[in-house]
Amino acid sequence: MMKQSVKSAKTQEYVTFLGELKQRIASARLSAARAVNRDLILLYWDIGRGIVEKQESLGWGESVVELLSRDLQKAFPGLTGFSAFNLWRMRQFYLVHSSAEFLAQLVPEMQKVASAGEPKQILAQLVPELLAAIPWGHHVELLKKLKDHKARLYYLRAAAKLGWSRNVLLNQIKARAY
């Protein structure tokens with residue numbers, strides 16, 4: 001009797017229902033991955049900012065990065081992403097995207113939201129949100145391959161808008177799409 005009901009359930013309505021569920025599951029998984037990516041990029045921005053600020057205000061030297069790396073890896077065993085090399089990348093990520101040259105590319109957007117607050121507040125909101133639109137691996141490639149701030153912003157926006165994979169991004173850079 002049970003086999004009969006399972007077999008009869010494989011109707012067009014069932015197939016349609018299954019297709020809808022699969023689509024919802026895939027959509028939820030993508031949404032969750034994007035949320036995790038966003039939080040990770042914002043965390044990396046904040047870590048980079050923190051390192052830069054502490055080095056400037058407290059005079060910490062370069063060795064603090066290696067010390068932070070060891071202590072973070074000890075505090076979070078098995079968690080990747082906190083090597084000294086990656087912490088240096090986070091620092092570079094913050095410095096590049098908070099530089100006057102990069103921010104000059106965002107003046108039109110900053111003017112749109114100028115009523116929202118002072119330039120430092122706008123920077124604190126606008127830039128991290130813009131950067132959070134693509135994965136960390138994309139940022140690493142942009143930092144490695146591009147010095148021009150206009151080009152970096154172009155590829156950042158294009159990758160976010162068009163959903164480029166890292167390989168597509170690299171091919172676009174190689175083809176000089178900018």
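A salt bridge is a side-chain nitrogen of Lys or Arg within 4 Å of a carboxyl oxygen of Asp or Glu. Side chains of opposite charge can pair when their charged atoms come close. This is a predicted model, in which local features need pLDDT of at least 70, side-chain atom pairs count only at pLDDT 80 or more, and totals for chains, interfaces and linings use all residues. Residues are numbered from 1 along each chain as its sequence is written, and side-chain values use heavy atoms, with hydrogens and water left out.

The structure holds 6 salt bridges. Start with Asp46 and Arg49, whose side chains meet at 2.0 Å, N to O. Both residues lie in helix α2, 3 residues apart, about one turn of the helix. Helices (H or I, at least four residues) and strands (E, at least two) are DSSP runs, numbered from the N terminus.

Arg49 has another partner. Its side chain also forms a salt bridge with Glu53, at 3.0 Å, N to O. Arg49 and Glu53 are 4 residues apart in helix α2, so about one helical turn separates them.

How open are these residues? Buried means under 20% relative accessible area, exposed over 50%, and partly exposed in between (1.4 Å probe, protein chains only). Asp46 has 36% relative accessibility, so Asp46 counts as partly exposed. Arg49, at 26%, is partly exposed. Glu53 is partly exposed too, at 36%.

The side chains of Arg38 and Glu129 form a salt bridge at 2.5 Å, N to O. Arg38 sits in helix α2 (residues 12–58) and Glu129 in helix α7 (residues 119–131), 91 residues apart. Arg38 is partly exposed at 32%, and Glu129 is partly exposed at 39%. Asp39 joins Arg38 and Glu129 in a network of salt bridges.

A pocket is found on a 1 Å grid over the protein atoms alone: it is an open set of points where a 1.4 Å probe fits, with protein on both sides within 12 Å along at least five of seven lines. Lining residues have an atom within 4 Å of a point.

The largest pocket holds about 310 Å³ of space, a volume filled by probe spheres set on the points, which are joined across faces, edges and corners. Its lining has 15 residues, and Arg34, Asn37, Ala133, Ile134 and Pro135 lie nearest the centre. Helices α2 and α9 (149–162) each give two or more residues to this lining. Helix α2 gives the most, with 5 residues.
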